[in-house]
Amino acid sequence: WRLPDASNFVSISNDSFVPAVPLNSTAKEAILEVLQGPLPSNVLQSHWRVAFVEDAVYPATDLDVLPSCEFSSLYAFPHALREHDAYNENVVFTSGVYPGYHTIDWTTTHSKNRAYVIKKEVVDSVVGLYKAALSSSTNRGTVEQLHYMEQTANKNHGMRYLVELGIRLEGQNVTTHTSEYVYLAQGSTHLCHTINFEWKHYAFVYLVVTLKNLGLWTKHLIHNIEHNQRVTQDFSMELVIVDYESSDLNVEEELSKSSLPKWHYIRKTGPFSRAGGLQAALDYVTDPNSIVLAMDMHLAIPPGFVNYARKHVVQGKMAFAPMFFRLNKGYTEVNPQGYWEPYTFGIFGMYKSDWDTVGGYNTTHYTNEWGGEDVDVADRTLEHGYEIFRIRYPGFLHYYHSRKGLWNS
């Protein structure tokens with residue numbers, strides 16, 4: 001491949017590939033049901049997908065190389081935001097990435113929240129500063145590889161980076177991998193480790209969804225997570241399903257037959273309410289130090305997605321709201337045609353303590369319906385001074401589906 005800021009093609013390293021979720025028979029059946037048209041026999045074959053370094057393969061370690069520093073939040077709104085201000089790119093900022101995985105696009109339909117590629121000279125400078133700190137620390141070693149980097153501007157004060165490196169420590173024959181937030185103050189030549197802006201490598205994650213009569217898609221979701229756990233061996237998560245009296249599938253029985261070690265089923269009565277269902281899932285979670293990630297149905301979830309969410313949910317500081325690629329009717333991940341969806345905060349993750357701070361979902365205003373409850377949460381998250389990390393996650397897809405007969409009569 002050739003990166004956007006490069007002039008020459010280079011070989012793609014093995015680190016850049018992970019197996020995609022293989023579409024089992026249930027998932028194929030669900031997709032075929034909603035596509036409403038015949039597909040070529042080779043469309044639903046498994047494939048390979050660009051992704052990040054996976055912590056299942058490269059467990060991240062804190063090396064304590066850099067001096068510590070305090071980090072000031074990027075977000076401070078002294079006044080209430082206007083309704084739906086979270087869609088405003090002057091409110092939710094765009095980060096830079098390297099390499100340019102997040103800038104890969106199949107369409108120019110929407111350009112909002114498209115990550116930029118960090119300039120190579122900036123990348124080299126940051127890595128050079130880390131190398132200098134490593135050479136003088138008690139954990140002396142050599143930087144062997146840069147896996148990934150993100151850059152977020154802190155207005156006129158400096159830059160925050162998420163840096164993921166492969167490091168060979170002196171006297172060791174294995175490569176240690178680190179993934180940490182660092183800060184470079186404006187005019188400074190020294191990186192520091194942000195002690196008040198850290199991601200927790202082993203945080204427990206609750207994946208929560210609410211549904212009604214989405215039997216085949218429920219099976220697809222369960223199989224998707226089962227596969228991801230087999231690939232990553234990451235079992236520090238629990239699937240929570242809030243079901244509004246589905247008649248097309250015994251959801252609790254389906255969960256009990258699965259290989260998921262942790263799951264919880266909540267049955268609700270009455271008309272469907274996405275806000276009400278997700279709030280019921282939030283109320284179930286009692287640990288303030290666990291991440292709650294509100295999800296949608298009809299998704300293809302890549303294996304590394306949950307751990308990527310961990311990296312971008314910082315307690316008391318930052319929420320995670322990735323964009324998915326919305327597939328057009330008749331297309332799958334093998335031949336992805338569609339667009340990155342900027343006008344949704346349906347996928348939204350925070351620590352339970354932070355969900356409680358912002359007030360969760362507004363079940364009074366958003367009652368027996370769906371739509372609007374997600375951006376309402378995002379608006380209130382910003383008003384409370386949190387940052388929202390927004391990015392296009394490769395391979396995170398939303399399948400086309402008909403809305404006929406969904407939830408409302």
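Strand β14 pairs with strand β20 (residues 392-398) in the antiparallel sense over 2 bridges. Two strands count as paired if DSSP finds at least two bridges between them; helices (H or I, at least four residues) and strands (E, at least two) are DSSP runs, numbered from the N terminus. The model is predicted, with pLDDT of at least 70 needed for local features and 80 or more for side-chain atom pairs, while totals for chains, interfaces and linings use all residues. Residues are numbered from 1 along each chain as its sequence is written, and side-chain values use heavy atoms, with hydrogens and water left out.

Another part of the structure is built around strand β10. In β10 (residues 205-211), 7 of the 7 residues are buried, so the strand is largely enclosed by the rest of the structure. Buried here means under 20% relative accessible area, exposed means over 50%, and partly exposed lies in between (1.4 Å probe, protein chains only). The cover extends to both faces of β10: Val205, Leu207, Val209 and Leu211 are buried on one side, and Tyr206, Val208 and Thr210 on the other.

β10 has parallel pairings with β11 and β13. With strand β11 (residues 237-243), β10 forms 7 bridges in the parallel sense, and Val209 stands opposite Ile241 in β11. With strand β13 (residues 291-294), β10 is joined by 4 bridges, and the two run parallel; here Val208 stands opposite Ala294 in β13.

The last feature is a covalent link. A disulfide is a pair of cysteine sulfur atoms within 2.5 Å, and by this rule the count comes to 1. Cys69 and Cys192 form this disulfide, with their sulfur atoms 2.0 Å apart. The pair links distant parts of the chain, 123 residues apart: Cys69 lies in strand β3 (residues 68-69) and Cys192 in strand β9 (residues 192-194). Cys69 is buried at a relative accessible area of 14%, and Cys192 also counts as buried, at 12%.
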